[in-house]
Structures are given as structure tokens and as C-alpha cells.
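My entries follow in the order I made them.

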Amino acid sequence: MYCPHCGEEIEIGDLRKIEMDCLKLLNMEIFKDATLIRLDDWYVPAIKEKIKTDSEYWITTNVKKDKDGDTVVVLYVGHKGEREKAQYFIKPEKLQLTSDHKDMDPSKVFQK
């Protein structure tokens, strides 16, 4: 059997063990209140996460559905020590990337 995502060959052993391993992963604390959304035919947990970086920037992500039921990945990026942020909206199914004009211009965040 081959993985439809990466094309690598997959050796399938005990299906019950694979099912139990998957359930263990889905029951992890990070996925406690997450909902599953479909991205490119793969179901991905929608969670909000703050990412710590060693750079001068902070990043927060949020995956949700819009009013039409499309997946929206919201990416907040800012410079540490400042409250202003840039906000990106990514719609994977529609191949769209937009930013919020009410927030800081994304180019200004990265110019610092």
C-alpha cells in the first residue's frame, strides 16, 4: 500500500494496533477541545496554539471554519514587546491568502 499524501510505501501490520495508536494520538491533551477539519483530503485537528520562537517575533495560529464552511487558518504575527500585529487569513481549499487591513501592514512587521 502507498501513502496518497507522500507516495511512500506503507507496510500495514495489525490494523487494530494502528487504530489504537491513532486514538491515543487524538486523545492527547493538546487536542482536547479541537475539532477535525478537512485540508486537502486529510483531517487535521483545529487548535489554537502560541508558538515560542528564538527570534524577535511572536506567532499565534488558529484554525477554524468560516460562515461558508471553508477552512480558515488565521496567523497572527507581531514583534515582541509591541501590541500591534499583522493578521493573515489562509484558505487552503481556495488557495487564498489575505491580510486584515485594520491591523498593522504585514510588511511593517517584518521590516523591524
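**Ground rules**

I call a residue buried under 20% relative accessible area, exposed over 50%, and partly exposed in between (1.4 Å probe, protein chains only). By that rule A86 is buried, because its relative accessible area is 0%. I found A86 in strand β6.

I noted that this is a predicted model, where local features need pLDDT of at least 70, side-chain atom pairs count only at pLDDT 80 or more, and totals for chains, interfaces and linings use all residues. Residues are numbered from 1 along each chain as its sequence is written, and side-chain values use heavy atoms, with hydrogens and water left out.

**Confidence**

I checked pLDDT, the predictor's confidence in each residue, from 0 to 100. The protein chain averages 77, and 79% of the residues score at least 70. Where is confidence lowest, and where is it highest? Strand β2 (residues 42–46) is lowest, at a mean of 61. Strand β6 (residues 85–91) is highest, at 86. I kept one caution in mind: where pLDDT is low, the predicted coordinates should not be read in detail.

**Overall layout**

I listed the secondary structure next. Helices (H or I, at least four residues) and strands (E, at least two) are DSSP runs, numbered from the N terminus. The protein chain has two helices and seven strands. Along the sequence they follow the pattern α-β-β-β-β-β-β-β-α. The chain has 112 residues, and 25% of them count as buried.

**Helix α1**

Helix α1 covers residues 15–26, which is 12 residues, so it should span 16 Å. Its end C-alpha atoms are 17 Å apart, which agrees.

Which residue caps the N-terminal end of α1? D14 does: a side-chain oxygen of D14 lies 3.2 Å from the backbone nitrogen of R16.

**Salt bridges**

I counted a salt bridge wherever a side-chain nitrogen of Lys or Arg lies within 4 Å of a carboxyl oxygen of Asp or Glu. The count comes to three.

One joins the side chains of E19 and R16, at 2.8 Å from N to O. Both residues lie in helix α1, three residues apart, about one turn of the helix. E19 is partly exposed, because its relative accessible area is 41%.

Another joins the side chains of K17 and D21, at 3.0 Å from N to O. K17 and D21 are four residues apart in helix α1, so about one helical turn separates them. D21 is partly exposed, at 30% relative accessibility.

D70 also forms a salt bridge, with K94; the closest N and O atoms are 2.9 Å apart. This pair links distant parts of the chain, 24 residues apart. D70 sits in the loop between β4 (57–65) and β5 (71–79), and K94 in the loop between β6 and β7 (96–99). Is D70 buried or exposed? D70 is buried, because its relative accessible area is 17%. K94 counts as partly exposed, at 42%.

I also found D70 and K94 listed as a side-chain polar contact of 2.9 Å. A polar contact is a pair of N or O atoms within 3.5 Å; within protein, one must be able to donate a hydrogen and the other to accept it, and residues adjacent in sequence count only if both atoms are side-chain atoms.

**Surface patch**

I looked for nonpolar patches. Patches are made of residues with over 30% relative accessible area and no salt bridge; like charges are joined within 9 Å, and nonpolar side chains (Val, Leu, Ile, Met, Phe, Trp, Tyr) within 5 Å. Accessible areas come from the Shrake-Rupley method with a 1.4 Å probe, and for residues only the protein chains shown count as cover. M1, I10, I12, L15 and I18 form one such patch on the surface, with about 470 Å² of accessible area together. I10 lies in the segment before α1. I10 is partly exposed, at 35%.

**Pairs across the chain**

I returned to A86. A86 and S107 are 21 residues apart in sequence, and their C-alpha atoms are 8.6 Å apart.

V72 is in strand β5. V72 counts as buried, at 7% relative accessibility. The C-alpha atoms of V72 and K91 are separated by 4.9 Å, with the two residues 19 apart along the chain.

**Backbone check**

I looked up L95 last. Its phi is near 55 degrees, a positive value in a residue other than glycine. L95 is in the loop between β6 and β7. L95 is exposed, because its relative accessible area is 79%.

Notes
Expected span 1.5 Å × (residues − 1).
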